[in-house]
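Good morning, colleagues, and thank you for coming.

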Amino acid sequence: AVAPAPRRVAAEGRVITYPGAEVRVGSDRAGRIVSVRVVEGAAVRKGDVLAVLESDELAASVAAAAARLAEAEADIRLAEITRERRQALVAERIAARSDLDQAERDLDAARARRATAAAEVARLQAQLRKMRILSPIDGTVISRVVDPGETVEAGDPVATIADLRRLRVEGEADEADAGALALGAAVEISADGFPGQSWPGRIEEVADSVTLRALKPQDPGRPTDTRILAVKVALLQPTPLRLGTTVELKITPRR
């Protein structure tokens with residue numbers, strides 16, 4: 001006799017990204033947005049500029065600090081020449097040793113001023129770089145929440161970037177079906193927007209405890225307050241499914 005096919009467990013889920021593949025990008029500084037360089041759906045690379053904050057005043061501060069650094073470097077060159085001359089005069093017994101000591105102190109002071117000026121330039125340049133909000137990953141802009149002219153505070157979101165090559169399904173199976181869920185179990189994935197199509201998946205994570213349902217059931221007759229066991233399902237081949245799509249899962253229990 002042919003063994004009956006195992007009963008498949010029905011569950012619902014939605015398409016999500018793997019951890020780290022979806023990033024909400026915020027502003028490091030408060031300020032007014034002067035330009036937004038991306039639109040929703042745009043592909044970006046790590047380091048691409050998403051938006052720019054007003055920075056005229058900060059740029060002027062950088063220029064002033066750079067001028068002070070150039071002045072300190074000129075002072076060093078002059079102090080070095082003075083020291084060399086006094087070294088020669090002391091060697092010829094024309095100048096006193098105290099004159100050379102003063103020249104050495106003047107040179108040390110000039111070098112200290114240069115170090116301080118260089119540190120200030122570096123500090124201000126670092127702040128200026130933060131006025132350009134960059135993408136931290138390669139991916140696609142799935143939301144953009146600012147427009148030019150808006151004022152943001154430090155930490156305010158600017159855009160969300162997702163690596164749409166790294167998608168999987170977060171599923172919710174009824175608590176009663178927990179015994180049928182196991183790592184590696186085969187899953188058939190389908191969606192209302194693609195009638196007659198399905199794609200293979202495999203369970204790669206099973207939650208340690210049951211929780212209340214988070215997804216709204218597509219079937220209005222199904223209760224919304226049931227306890228479920230969450231599973232994560234890997235997609236085994238490319239699919240046309242988009243981030244956030246609600247899907248139906250049919251899980252084949254492992255024997």
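Predicted model: local features only at pLDDT ≥ 70, side-chain atom pairs only at ≥ 80, totals over all residues.

**Strands, helices and salt bridges**

The pairing in question is between strand β3, residues 31–36, and strand β5, residues 49–53; the two run in the antiparallel sense and are joined over three bridges. They belong to an open sheet of four strands, in the order β6-β5-β3-β8, with antiparallel pairing. At its edges are β6 (132–134) and β8 (151–152), each of which pairs on one side only.

Let me turn to the helices. Helix α1 covers residues 56–91 and helix α2 covers residues 97–129; their axes come within 8 Å and cross at roughly 160°. Because angles over 145 degrees count as roughly antiparallel, α1 is roughly antiparallel to α2. The crossing of α1 and α2 is left-handed. What kinds of residue make up the contact of α1 with α2? The contact residues divide into 19 nonpolar, six polar and 14 charged.

Side chains of opposite charge can pair when their charged atoms come close. The count in this model comes to 15 salt bridges, and I shall describe a few.

One of them is formed by R8 and E188, with the closest N and O atoms 2.8 Å apart. This pair links distant parts of the chain: R8 lies in the segment before β1 (9–17), whereas E188 is in strand β11 (residues 186–190), 180 residues apart. R8 counts as partly exposed, at 37% relative accessibility, and E188 is also partly exposed, at 27%.

A further salt bridge joins the side chains of D147 and R144, at 2.4 Å from N to O. D147 has a relative accessible area of 37% and is partly exposed; R144, at 24%, is partly exposed as well.

Next, E204 and R168 form a salt bridge, their closest N and O atoms being 3.0 Å apart. E204 lies in strand β12 (residues 199–206) and R168 in strand β10 (residues 167–174), so this pair ties together parts that are 36 residues apart in sequence. Are these two partners buried or exposed? E204 is partly exposed, at 27% relative accessibility, but R168 counts as buried, at 4%.

Thank you for your attention.

Methods: Residues numbered from 1 in each chain as written. Heavy atoms only, no water. Pairing = 2+ DSSP bridges. Axes fitted to C-alpha atoms, helices over the stretch in contact; angles between N-to-C directions. Parallel < 35°, antiparallel > 145°, perpendicular 65-115°, else oblique. Left-handed = near helix turned anticlockwise from the far one by under 90°. Nonpolar A, V, L, I, M, F, W, Y, C, P; charged D, E, K, R; others polar. Salt bridge = Lys/Arg side-chain N within 4 Å of Asp/Glu carboxyl O. Buried < 20%, exposed > 50% of the residue type's maximum accessible area, 1.4 Å probe, protein only.
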